[in-house]
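Please read the numbered points alongside the sequence and the model.

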Amino acid sequence: MPRVFDEWKALPLDEVLGLCRDTLEEADFGPVTRWREAGGKIVGHFQVYFPHEIVHAAGLLPLKVRGAPVEPTHADSRFGSYLCSILKTSLELVLSDTIELDMFVTHPICDAARNLAAVWGRNFQYPCQILYLPQNANSKHTAQYLRDEYDRLLEEVEEIAGRKVTPEDLSRSVALYNRDRALMRELYEIKRETPWLVSAEDAYSLVGIGGMIPVEEHIELMESVLPQLRARTAKAEDRIRVVFEGAFCEQPPLDLIRMVGRSCYVVDDDFMIGLRYIIEDIPAGDDPLMDLAEAYLERSSYSPVQHDNRKPKERMLVERIGGARAEAVVLAAAKMCEPGLEEQVAYVQELEKRGTPYFVNEFEENMTSFSSLELQVETFVENLLFT
Amino acid sequence: MIPPSTAPSDIVGRGNKEGGQLFRQWFANLSEVAERKERAAYVFVMGSLNEILKSFDMPVSFPEINALQTAIRRVSHEYLDEAEDIGYSPDICGYVKADVALQMRGGEHPMGKIPKPSMAVFTNACNTYIKWAEIWERMYDIPIFTVDIPGTRQAGIVTMPGQHRFENDRRYVEGQIRELITLCEQVTGKKFDIDKLRDCMANANRLSLAWERLLALNRSCPSVFNALTDGTVYLGVANGFRGTPEGTAYFERLVEEMEYKAAHGIGTLTEEEYRLIFVGVPCYPIFRRFNEIFTEQGGTFVNSTYLWFASGGTNRGYQYDTTRPIESLAEGLLLSVRDAMDSMFHQYAMVREMAEEYSTDGVVFHPIKSCRTVSTGLADSRRALMEETGMPSLFIESDMMDRRVVSEAQLKNRIDAFFEGLASRKHQSKAEGAA
């Protein structure tokens, strides 16, 4: 397995964090290119959740396709108006040859994303598919269905890898991803308990980089960085604690996260929630595909695009706020994101009912001007601090 | 069979007349339910499960149809404004917003009164169905049930009954249908009657056959109905009356009418010069006018993807096996709703075939702001169609509900230019033929 992200190893902590930010922000997908140049194959998967273990077990790189701050010069002609940016910039990355894939998988997370398999498939020869993650999490038949759907995906992946994947291969991958998710949970614990030790954009970048490098390398990075973060001597400041909600799919620009982080401590959020969607270790059983399916249904977080009668989103948000001891919420939604904008109404109504302060805004991944937004955030924060 | 002595005036046009009557009756029935303070099951056009709900004698309401009627009756903006006032974004589905406002108005609707929901049943054919149902769950604390239908995974790879992967999906759908039946028993307090289900399925079988035949009849030249305007009337009846004797009788009489028209060379009111396919959802805020801009120039819509997906895939003509009703309902639902989804996501190959079968001169792509399910892939689909076939096409954007993004003048300019292209192409083709 080629190594693709070693540059951080000799660097001090601040430079490691800077490198992660730059790698994520520059959108040239250097580690992915290095993987490709070393002969590795890549399965790109659209937001939100994807069972990386299945692709990893076959020796391929699962790449989170989550748009980028680029102009959709080529992709614009493939789409009409009234669509979110992430659709266009994701396709742009492949049309412009920034990344090269061997397979693309999207999910039925929203009406726009489901169309991506067809759009992509008309432009590329490799398999472009929908992984039908269930939208009925409450049937007793769902786990078996999902296990079968994962089995179908596995067959496709084996075809690309040119080899069979054994249950032992899968179990090894599950164990590695368990470790990786545990480290991300630890990072979030640092955010919650000592938010002055890690900035919002650094925490974001540390997680985000995991969507484009092999899990083994991400584990090494996190195992190195987390103790160093804990050892920092920064002091707590008088900032309000906020939850940032609404970045489950299209990601806000790093500058926006940085801007919010300048005024507040972002103590929990749904940034890159797909990478953290499974919230407990997946137990090692005899049937790893069933274990993965069961974890998706029973050991998972929430987002506006995963329906589960047991998880009304506004109640889940309230739990997130409570768990993080947040004082307020930044309720964001990507422009033209139907599920995000619809959920925003339910969130507002719930927060109003509870008297929890909130700040509503819309964003786009390649927005570049933040001065007006920053003024609004500062006013919101000052209102909370001084009234 | 139509007796030979039947006068054309007795048969031509009766489909629209009877469809209108049925529709008014439909809303009158819903109003009566609302007046009695009773409730209705809320369902959607792509996979309504009407067969199950009718077997429990549940009144059903189609919020999509309620919403589009506000646009046709030119009051949708009032409903949209009210929903936007409480925080719904201008950029989301107009149907959802019209319904939210309707609920806030206690069911007040231009066609009558809409009862509150007793439960909501919906498939994943449109993800917004799910978000929409979550709104009712919050408003009324009612049970909501997703019947999750796995669609086509990759263009060109279609699984069929008997194949391992298809049967996995079918079992999943069947399991959910059985759970839905249990929920209906709880909501209605009635015991499930499988023979009543068989009756509903038998009616749905006849309706599906008639729908399939109806669409095929429009291959006639001239076409026997306008797929955009007349087709929308038929769609309303096909959805609202699916599984009922009235719906079956209506469609069998409609097919008779269209057979008659085809046999006698009777077309629509349009002097048919250009046969067009419509891809997308109609522009309801200027429904009649939108169509007129085409018909004034000799264009008529002979088919549309709307008649496929908004009928929930009834165009497949799937026939239930009533000797094994639940299993067959699962199979039929899977095949039909999957087909409806294909008409939206993978419509490119279907449109290509349709264009040939219906001797088409051009394709009109009409993406709309409100519906990303239907609209997201249309620009690329058009690109691919033009690259492969050279088929003339038009790409115009507007909306199904929101008149703020409907500019008649701009639409007309684009449509006029399209017809100029079609005329010039026809002229050139004639000249080449003469040479």
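1. F380(A) counts as buried because its relative accessibility is 13%; buried means under 20% relative accessible area, exposed over 50% and partly exposed in between, computed with a 1.4 Å probe on protein chains only. The residue F380(A) belongs to helix α14 (residues 371-386) of chain A. Helices (H or I, at least four residues) and strands (E, at least two) are DSSP runs, numbered from the N terminus.

2. Leaving aside residues up to four places away in sequence, F380(A) touches I240(A), A328(A), V329(A), P357(A), Y358(A) and F359(A), contact being defined as heavy atoms within 4.5 Å. One of these, P357(A), is 23 residues from F380(A) along the chain, and their C-alpha atoms are separated by 8.9 Å.

3. On the basis of the analysis: this is a predicted model, in which local features need pLDDT of at least 70 and side-chain atom pairs count only at pLDDT 80 or more, whereas totals for chains, interfaces and linings use all residues. Residues are numbered from 1 along each chain as its sequence is written, chains are lettered from A and ligands numbered from 1 in the order in which they are written, and side-chain values use heavy atoms, with hydrogens and water left out.

4. The contact between the chains draws on 53 residues from chain A and 57 residues from chain B. About 4,600 Å² is buried between chain A and chain B, with carbon and sulfur atoms giving 49% of that area; buried area is the accessible area (1.4 Å probe) that two parts lose on being put together, summed over both.

5. Across this interface the rule finds 10 salt bridges, a salt bridge being a side-chain nitrogen of Lys or Arg within 4 Å of a carboxyl oxygen of Asp or Glu. A salt bridge joins the side chains of R78(A) and D380(B), at 3.8 Å from N to O. On the side of chain A that touches chain B, α5 (111-123), β4 (128-130), α6 (142-161), α12 (313-324) and α13 (338-354) of chain A each supply at least two residues.

6. Over all chains, the salt-bridge count comes to 79. Within chain A, E223(A) pairs with R179(A), the closest N and O atoms being 2.9 Å apart. The pair links distant parts of the chain, 44 residues apart: E223(A) is in helix α9 (residues 215-230) and R179(A) in helix α7 (residues 167-193) of chain A. E223(A) is partly exposed at 38% relative accessible area, and R179(A) is partly exposed at 36%.

7. In chain B, D57(B) forms a salt bridge with K196(B), with 2.6 Å between the closest N and O atoms. D57(B) lies in the loop between α3 (50-55) and β2 (60-61) of chain B and K196(B) in helix α9 (residues 194-217) of chain B, so the pair ties together parts that are 139 residues apart in sequence. D57(B) is partly exposed, at 45%, and K196(B) is partly exposed, at 30%.

8. E134(B) and K131(B) form a salt bridge, their closest N and O atoms being 3.0 Å apart. Both lie in helix α7 (residues 127-140) of chain B, three residues or about one turn of the helix apart, and both E134(B) and K131(B) are buried. Salt bridges that share partners join K313(A), E314(A), E343(A), K131(B), E134(B) and R138(B) into one network.

9. Helix α10 (residues 230-240) of chain B is largely enclosed by the rest of the structure, because 10 of its 11 residues are buried. Among them are D230(B), Y234(B), L235(B) and N239(B).
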